[in-house]
Amino acid sequence: MAQAVEDPLAAGRDAARRNAWQEAFERLQEADKSGAKLSGDDLEVLGNAAMWTGHLAASIEALERAYARYLEEGNPSRAAFAALHLAGEYRNKLQNAVATGWHQRGARLLEDVPEGLEHGYLELQRGQIEYGRGNYDQALQHIRRSAVIATRVQDKDLVALATLREGIVLVKKGQVDAGLALIDEVSASAVGGELSPYSTAVIYCNTIGTCRDLADYSRAAEWTETAMRWCEREAIAGFPGMCRVDRAGIMRLRGSWAEADEELKRACEELADFSPRVAGEAFYEIGEIRLRMGDFTGAEEAFGRAIELARDPQPGIALLRLAQGKVDGAAKSIKRALDDESWPRLARTRLLPAQIEIALVAGDVATARGAAEELEAIAEDYKIAEAATPALEASVRSAWGAVLLAEGDLDGAVTCLRRALKIWRDIDAPYDAARTRLLLGQAYRLQGDEDGAGEELAAARKAFERLGAARDARRAEELASGRATKTFMFTDIVASTKLAEALGEQRWQTVLAKHDETLRSSFAKHGGEVVKHTGDGFFVAFEDVAGAVEAAIDIQRALAEQGIAPEVRIGLHTAQAASAEGDYSGTGVSAAERIASLAGGGQILASQESVVAVAAPTSDGRQETLKGFDKPVDVVSIDWHA
C-alpha cells in the first residue's frame with residue numbers, strides 16, 4: 001500500500017495519466033473514502049484502474065457510479081459511454097440480461113445528443129452483437145458506420161477498434177487475406193504504443209483469437225508472447241489471465257502439458273471474477289490436457305466446469321466418451337454439435353476431425369468420408385495467401401489418411417499420412433505427429449512393410465511416453481508387439497436348437513435378427529469390437545472392463561423387456577492376447593470362452609479379477625476349473641437386475 005499523501009485525488013489522477021494503475025487505484029480509493037467528491041471522469045478512471053489491477057467488482061461499482069454522476073453533471077454522452085462499457089463487462093460476466101439493459105440505456109441516452117464519439121462506440125457494440133448472432137453483413141454495416149464517426153472525430157482508439165472488428169468479420173466471411181490485412185494494420189498501431197491500454201488489450205486478444213481460429217499457431221504464439229510482455233511492462237494484472245489461456249493452448253499443441261496445466265490453473269484463478277467467459281475456455285483446455293493424459297475423471301470435471309461457464313465442451317466431451325468406450329454416445333454427442341447452426345463455419349474445423357475419429361471406430365466410413373470432405377472444403381475457403389495454414393492442412397491430410405486407410409486405399413493413405421506427419425513435425429505438434437505415426441504404421445503393415453511399420457509405431461510409443469500420454473503409448477505398444485489387453489466377451493443363446501424347433505424356421509429367423517440387432521447396438525454403444533459372429537453367438541473385444549460390463553447388463557435388460565426373446569448367457573474375462581488383422585487369440589481368449597460356457601440362460605459370469613475394480617453388484621462367487629487350464633479361476637455372477 002502506498003504511503004498516504006496530502007491530496008490523494010490529485011495523486012490518483014496523476015498516476016492514471018502515467019498508467020501507474022495500482023497507484024491510481026489506491027489513491028482514488030483513498031480519496032473516495034476520505035469524503036472527496038469524485039467527478040464522473042474520476043470515477044471512470046477509478047473503474048479503469050480497478051479493471052487493470054484485477055478488481056472487476058470494484059471496477060463495475062465505480063463505472064455504475066460514474067454513470068450516475070455523469071447524469072447528475074448533465075453529461076448524457078459520457079453517461080451513455082459508461083453504460084456501453086458496463087454492457088460489455090456484464091456480457092463478459094455472462095449476465096446477458098443485465099448487459100442488454102445497459103446497452104439499451106446507453107442507446108436511449110444518445111438519441112437526443114448530437115452525433116459524436118459515443119455514437120461510434122454504440123455502432124461498434126451493435127456490430128459486435130450482430131456478429132455474435134452470426135449476422136456478418138449487418139455487423140459490417142454497424143462497424144463501418146462506427147469507423148466513419150471515428151475518422152470524423154479523429155479518435156485513434158475507435159478507428160483502431162473499428163478496423164479490428166471489420167477485419168475479424170471479413171475473416172469469418174472467408175475473405176481471409178483482406179481481413180488479416182486490416183488486423184495486421186491495427187496490430188502495428190498497438191505494438192507502436194499509439195493506443196490506450198484498453199484498445200491495446202482488445203486488439204491483442206482478438207488478434208490471437210483470430211490466429212487460433214485459423215489454426216495459424218505460429219503467428220498466434222508470437223502475438224501471445226508480445227501481449228504477455230506488454231502486460232508485464234504496463235504492470236497490468238487484470239488482463240494476463242486471458243493471455244495465459246492463449247499461451248497454454250499453444251503449449252498444449254507443442255506438448256508442454258504440465259506447464260500448460262499450471263498456466264491454465266493460474267488463469268482460472270485470475271479470471272474467475274474478471275472474465276468467466278474466458279475462464280470457461282481455460283477449463284476446456286484443462287479438460288483436453290487431462291483427456292490426453294488418460295485422466296478421464298479430471299477431464300470430466302474440467303469439461304463440466306467449462307459447461308457451467310457457457311463454454312461448449314466440444315469436441316473434447318465427445319472424444320472423452322469415445323475414450324470411455326461409449327462409441328454410440330460419442331457419435332451422438334459430436335453429431336449434436338455439428339447439427340447446431342450456431343457454430344461458425346471455421347469453428348467446425350475443430351469438430352470434424354473428432355467426428356471422423358469416432359465414425360471410424362464405429363465402422364461408419366461413409367460419415368467419416370463426408371466429414372473429411374467438409375473439412376477440406378472449409379480449409380480451401382479459409383486460405384491465407386492462397387495456402388491453408390499448416391495446422392489446418394495437416395488436419396485435412398490426417399483426416400484423409402485415416403479415411404483412405406479404412407477404405408483400403410493403402411497407397412493413398414500413406415501419401416496423405418506422410419504429408420501430414422511432415423507438417424505436424426514442422427510446426428512442433430508432437431502429439432498430433434505421434435497419432436499420425438500410429439496410422440502410418442498400420443498402413444505400412446497392411447502393405448507388407450513390417451520394418452516401416454515397426455519404426456513408425458516405436459517412434460509413436462516413445463513420443464507418447466515423453467508426453468505422458470500413457471493410454472496412447474499402450475496402444476502403440478500393442479500395435480507394435482501384436483499383443484493387446486482387452487476385456488473379451490462371449491455370448492451364446494441357450495438351447496437355441498430347441499427354441500428354433502418350437503418357433504418354426506420363419507419366426508425363429510425373425511427372433512434371431514432381433515437378437516443380433518439388440519446385441520450389436522449394445523456393443524456399439526459401449527465400444528465393443530465384434531471380432532466374430534458365428535450362428536447365435538458373438539465374440540467381442542472391449543477396451544476396458546467397464547464398457548464390457550455395461551454392455552452385458554444392457555443386453556440382458558433389453559432382452560428381458562422384449563416379448564419373445566431367447567435366453568442369452570454371457571462370459572467376461574480381461575487378459576492380454578495376440579492381435580492380428582482384427583482377430584485375437586491366446587489363453588485369455590480361451591478363458592473368456594470357457595467362462596461363458598459355465599453361465600446359465602440370462603446370466604452374466606465373469607472372472608473376479610476382471611471386475612474387481614468395477615462398481616457392479618456381484619454374487620455367487622466360486623472357484624471353477626476351466627477346461628484346458630490347470631489352475632482354478634474365481635468367477636462371479638453380475639446381478640443385472642440390481
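**Secondary structure and overall build**

I began with the secondary structure, and I counted 30 helices and eight strands in the chain, where helices (H or I, at least four residues) and strands (E, at least two) are DSSP runs numbered from the N terminus. I noted that this is a predicted model, in which local features need pLDDT of at least 70 and side-chain atom pairs count only at pLDDT 80 or more, while totals for chains, interfaces and linings use all residues. Residues are numbered from 1 along each chain as its sequence is written, and side-chain values use heavy atoms, with hydrogens and water left out.

I then looked up the extent of the C-alpha trace, which spans about 95 × 50 × 50 Å along its principal axes. Of the 642 residues, 54% count as buried, a word I use for under 20% relative accessible area, with exposed for over 50% and partly exposed for what lies in between (1.4 Å probe, protein chains only). The accessible surface comes to about 28,300 Å², and 47% of this belongs to carbon and sulfur atoms; the areas come from the Shrake-Rupley method with a 1.4 Å probe, and for residues only the protein chains shown count as cover.

For contacts, meaning heavy atoms within 4.5 Å, I found that residues 24 or more positions apart account for 61% of those in the chain with a separation of 6 or more.

**Charges and salt bridges**

I next turned to the charges, counting Lys and Arg as positive and Asp and Glu as negative, with His and the chain ends not counted. The place of each charge is taken as NZ of Lys, CZ of Arg, CG of Asp or CD of Glu. The chain has 75 positive and 101 negative charges, and their mean positions are 0 Å apart.

The structure holds 50 salt bridges, each being a side-chain nitrogen of Lys or Arg within 4 Å of a carboxyl oxygen of Asp or Glu. One of them joins the side chains of arginine 212 and aspartate 246 at 3.5 Å, N to O. This pair links distant parts of the chain, with arginine 212 in helix α11 (residues 197-213) and aspartate 246 in helix α13 (residues 240-253), 34 residues apart. Both arginine 212 and aspartate 246 are buried, and I also found Arg212, Asp246, Arg252 and Glu285 linked in a network of salt bridges.

I then checked glutamate 407, which forms a salt bridge with arginine 369, the closest N and O atoms being 2.7 Å apart. Glutamate 407 lies in helix α21 (residues 390-407) and arginine 369 in helix α20 (residues 365-381), so the pair ties together parts that are 38 residues apart in sequence. Glutamate 407 is partly exposed at 38% relative accessibility, and arginine 369 is partly exposed at 28%.

**A buried arginine**

**Cysteines**

I looked for disulfides, taken as pairs of cysteine sulfur atoms within 2.5 Å, and by this rule the count comes to zero. Cysteine 268 is buried, with a relative accessible area of 10%, and cysteine 416 is buried at 11%.

**Loops and backbone geometry**

I noted a cis peptide bond from glutamine 314 to proline 315, with omega near 5°; proline 315 lies in the loop between α16 (296-308) and α17 (316-323).

Glutamine 154 has a positive phi of about 55° although it is not a glycine, and I placed this residue in the loop between α8 (136-153) and α9 (156-172). With a relative accessible area of 71%, glutamine 154 is exposed. Aspartate 428, also not a glycine, has a positive phi of about 60° and is found in the loop between α22 (410-426) and α23 (430-446). Aspartate 428 is partly exposed, with a relative accessible area of 42%.

Threonine 53 and alanine 413 are 360 residues apart in sequence and 53 Å apart in space, C-alpha to C-alpha.
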